[in-house]
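The following account leads the reader through the domain arrangement of a protein chain and then through the surroundings of its ligand.

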Amino acid sequence: MDRIDPLPGARVLLGVCGGIAAYKMASLTSALVQRGAIVDVIMTSEAEHFVGSLTFSSLTARPVYASLWDAPERIPHIRLVREAQVVLVAPATANIIAKLTHGIADDLLTTAILAARVPVLVAPAMNSAMYDNPATQANLATLRGRGYHFVDPERGFLAERESGVGRLASEERLIDAIVRTLKRRQSLAGKRVAITAGPTREAFDPIRFVSNASTGSTGIELAREASLRGADVTLLLGPTLLEPPSGVRVVRFTSAQELYEAALREAVGSDITIATAAVADWRPADRAESKLKKTDEDLTVQMVRNPDVLAALGERKGSTFLVGFAAETDEHEAHAREKLARKHLDAIVVNDVRDEHGFGTGVNTLTLLWGEDERNPLGTAAKSQLAVRLWDAIEDLMQCS
Ligand code: CTP
């Protein structure tokens, strides 16, 4: 390995499950210990069929935990996760992934993870058919939504002597994921962050409204990432079925007017505000008290202007680092730069919504713009990944400004 990231004193809790790749965890443990990490190992009883606990206790010079009942102390699961800075579950079998999804706590490892308040990295490894199974994929999506991090499996030779996706991520990728998680852990500690996210609904009778296709996922991922970095996060969230991340204060809004009032209350005076909400620029001039009954006539709904929430925050900017989003279909950068100046922003993220990228998809293409003509293309990636890149870029910019 050419580049070694030292991990002096880093506390890693490694959960080893019963998959053939369990044997690789001995090498990983040794590599972590050589970097100076303090590694506690919990093995499931299935893992013990594949590799002996003596291997891990020899490598870590610490006791290895396998059962809730024969540990030297009464409640090791709580102590172990409290002392850890990061948890890695590897190889994560379909079984442990299903248990975590449903909150089942029937052994030491699942009990410990249920009590974890630190980032949990999950590195699945299993037969490709099991990995592709809709039940497994649904469980992975649920866990992702709840803030678990994944080190995705690779395509390659599997124990069944066939090739497919399901091979445990390489040791290098696992260590890299641990290093990145530990590094970003407290980079926003002490910062107050406000994020607007999701669509608005502008009603013209009790059940009908004008809205848009935003799901709020970009803002939710940014809130999750900021919270992981130790920020005190308030997420102003519009109507969406997506789950907000845990550990974040959520303030709900429905209409642009409600968002406007919430933003002036919650975001003014914050250290960093990011506006990802897809705010309707107009609302119906009137809202009928009861449901409009159908007639043979066409319906004309007159629309009036909504307040521009971000522009209002720009006018009250103070020392807040203010970041806007611009969803554009053409002349992306020119339109975005105009908004950057007009709304008194420190930076703006351009979001290409021309084709399938953008609203309602897991993937996006973003570019960060600031200053006269500065730009940082963040690339095309999953929104969770883009959140990491965007926060890295914002932190860099804040250090320079
Ligand atoms: N925004 C806002 N309040 C509005 C409209 C937009 O806070 N009423 C914010 C969005 O959250 C985003 C930025 O302003 O961060 C740009 O939004 P966008 O819809 O692209 O820009 P508009 O100003 O509405 O301009 P246009 O619709 O003409 O592109």
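The domain bounds used here come from an automatic or database domain assignment. The model is predicted. In it, the protein chain is divided into domain 1, residues 11-186, and domain 2, residues 192-400. Between the C-alpha centres of domain 1 and domain 2 the distance is 36 Å. Their contact draws on 9 residues of domain 1 and 8 residues of domain 2.

The size of an interface is often given as the accessible area lost when the parts come together. For domain 1 and domain 2 the area buried between them is about 690 Å², and carbon and sulfur atoms account for 45% of it. On the side of domain 1 that touches domain 2, the residues fall into 1 nonpolar, 4 polar and 4 charged. Across this interface, the rule for salt bridges finds 0.

Attention now turns to the ligand. It is surrounded by 14 residues, of which Ala275, Ala277, Leu310, Lys339 and Lys343 are the closest. A ligand oxygen atom lies 2.7 Å from a polar backbone atom of alanine 277, and at leucine 310 a polar backbone atom is 2.8 Å from an oxygen atom of the ligand. Proline 307 places a polar backbone atom 3.0 Å from a nitrogen atom of the ligand. Of the 560 Å² of accessible area that the ligand has on its own, the protein covers 78%.

Conventions: Residues are numbered from 1 along each chain as its sequence is written. This is a predicted model: local features need pLDDT of at least 70, side-chain atom pairs count only at pLDDT 80 or more; totals for chains, interfaces and linings use all residues. Side-chain values use heavy atoms; hydrogens and water are left out. Contact means heavy atoms within 4.5 Å. Buried area is the accessible area (1.4 Å probe) that two parts lose on being put together, summed over both. A salt bridge is a side-chain nitrogen of Lys or Arg within 4 Å of a carboxyl oxygen of Asp or Glu. Ala, Val, Leu, Ile, Met, Phe, Trp, Tyr, Cys and Pro count as nonpolar, Asp, Glu, Lys and Arg as charged, and the others, Gly among them, as polar. A residue is near a molecule or strand if one of its heavy atoms lies within 4 Å of it. A polar contact is a pair of N or O atoms within 3.5 Å; within protein, one must be able to donate a hydrogen and the other to accept it, and residues adjacent in sequence count only if both atoms are side-chain atoms. Accessible areas come from the Shrake-Rupley method with a 1.4 Å probe; for residues, only the protein chains shown count as cover.
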